[in-house]
Amino acid sequence: MSEATVLHLDQVSRIHGEGATEVHALRSVGFRARAGELVAVMGPSGSGKSTLLTLAGGLDSPTSGAVYVEGTDLSGLGNAGRARMRRTSIGYVFQDFNLIPALTAAENVALPRELDGERSAAARRLARAALAEVGIEDLADRFPDEMSGGQQQRVAIARAIVGDRRLILADEPTGALDTTTGEEILKLLRSRCDAGAAGVLVTHEARHAAWADRVVFLRDGVVVDETGADEVETLVESGHPA
Amino acid sequence: MTIRSALLALLEHKPMYGYQLRAEFERRTGATWPLNVGQVYTTLSRLERDGLVEGTGVDEDGHGMYVVTAAGREEAAAWFTTPVARSQPPRDELAIKLALAVTVPGVDVGTVIQHQRSATMTALQDYTRLKRQASSGTADSDLAWSLVLDSLVFSAEAEIRWLDHCEARVRRAAAERADDPVAPAAGPSAGPSAGNPSAATVEEVSR
């Protein structure tokens, strides 16, 4: 546990709406993911687990508190800076893959590098290396609709890791896949983390969360428990009606 | 009856002595349910008394060897073709504990559930680690062990789903009680309580 912290949520709260309709999606949550570690986040719907992931990915900003990725405070960056961070440091994997249908696997994976100003040939080279890492180099020239769900999710993971990004955020990445294919995807995430990345996996499936080193339970925007940790940051606070 | 049937089934494969039977049993089940060799010999002598196995004397190293009889083969075959009875569910400590937790005053049910879920999740993480380490070989015993692991994984997962369900039900019931002041206020609380009813609980049930 002495590894470097890649993601740190410090006392993060997120309130949607205001006045009578305000919803506290997260309440003073402390959360860390370290290099080499896969952390699963579980909780019922409405518990704040997706909010946690979108804040970690810089897709949304906290109402209070700070989100640090590799030591950089995301809210201090502004929109352009956060977008750059997403292209260079943060990989995001979605349940429905979110590949661009008109681009081949290699083009999809190269896109974040090209958007970041990398020359096309160099970006393609990195893309092929990332595809090789997830075991589908031979599918580089296929389009998404020529691939199975499991293959598309592999492409999405390659896109999330291309250019050696060290934070992988996965939102129900196995949701649309059958059990065996889902397990392959978890194996892949797991091996990326074993190789030094920090991973955060949001899932409602206990069987999938069990691949993680730590499992954090959220309820009503609060971390209520944690397995596999050295210490629990927030103790049980159960049963407050939301 | 399980050990008895399992030993008969193993002896169908080939004649064996007690230690060998134990080793073969554990090789297939990953020592998930350890057998002591005393149990094996007690069971063998009962099987012999019932005419299902026969002692055939000792091998060159002095081990007492056993073979299965025709009646034993029949019983082993019947075991495989008869479903395991579900009519009398085995006593389930956790279900009993929760049934009591929601009816005994002063128990913080939410905490009981949360602690159990963490303990079960920790067990599930352990099984998953074992699965990752398990060789993916094609030998029969590799397959047997990985199926046993899957069984543990599925039942831990089912327990967590059931706990999630219990939590949602208990919270809904508490909310309904709060909306309906006429209803008796006594009874289980899903909210925080001063006591710490489940510190011992977790230790007791964690595997």
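Biologist: At what angle do the axes of helix α1 of chain B and helix α3 of chain B cross, and within what distance do they come?

Modeller: This is a predicted model, in which local features need pLDDT of at least 70, side-chain atom pairs count only at pLDDT 80 or more, and totals for chains, interfaces and linings use all residues. Residues are numbered from 1 along each chain as its sequence is written, while chains are lettered from A and ligands numbered from 1 in the order in which they are written.

The axes of α1(B), residues 2–13, and α3(B), residues 37–49, cross at roughly 80° and come within 10 Å. Helices (H or I, at least four residues) and strands (E, at least two) are DSSP runs numbered from the N terminus. Axes are lines fitted to C-alpha atoms, for helices over the stretch in contact, with angles from 0 to 180 degrees between N-to-C directions.

On the α1(B) side, the contact is made by B:Ile3, B:Arg4, B:Leu7 and B:Leu8. From α3(B) come B:Gln39, B:Val40, B:Thr43, B:Leu44 and B:Leu47. Contact requires C-beta atoms, placed from the backbone, within 7 Å. Six of these residues are nonpolar, two polar and one charged. Here Ala, Val, Leu, Ile, Met, Phe, Trp, Tyr, Cys and Pro count as nonpolar, Asp, Glu, Lys and Arg as charged, and the others, Gly among them, as polar.

As for α1(B) itself, its 12 residues reach 17 Å from first C-alpha to last, close to the expected 16 Å; the expected span is 1.5 Å times one less than the number of residues. Its buried residues are B:Ala6, B:Leu7, B:Leu8 and B:Leu11. Buried means 20 or more other C-beta atoms within 10 Å of the residue's own, exposed 12 or fewer, and partly exposed in between, with C-beta atoms placed from the backbone. An α-helix has 3.6 residues a turn, so residues three or four places apart point the same way.

The cover over the buried residues of α1(B) includes, besides α3, the helices α2 (18–29) and α4 (70–81) of chain B. Strands β1 (53–58) and β2 (64–68) of chain B also belong to that cover.

Methods
Two residues are in contact if their C-beta atoms, placed from the backbone, lie within 7 Å.
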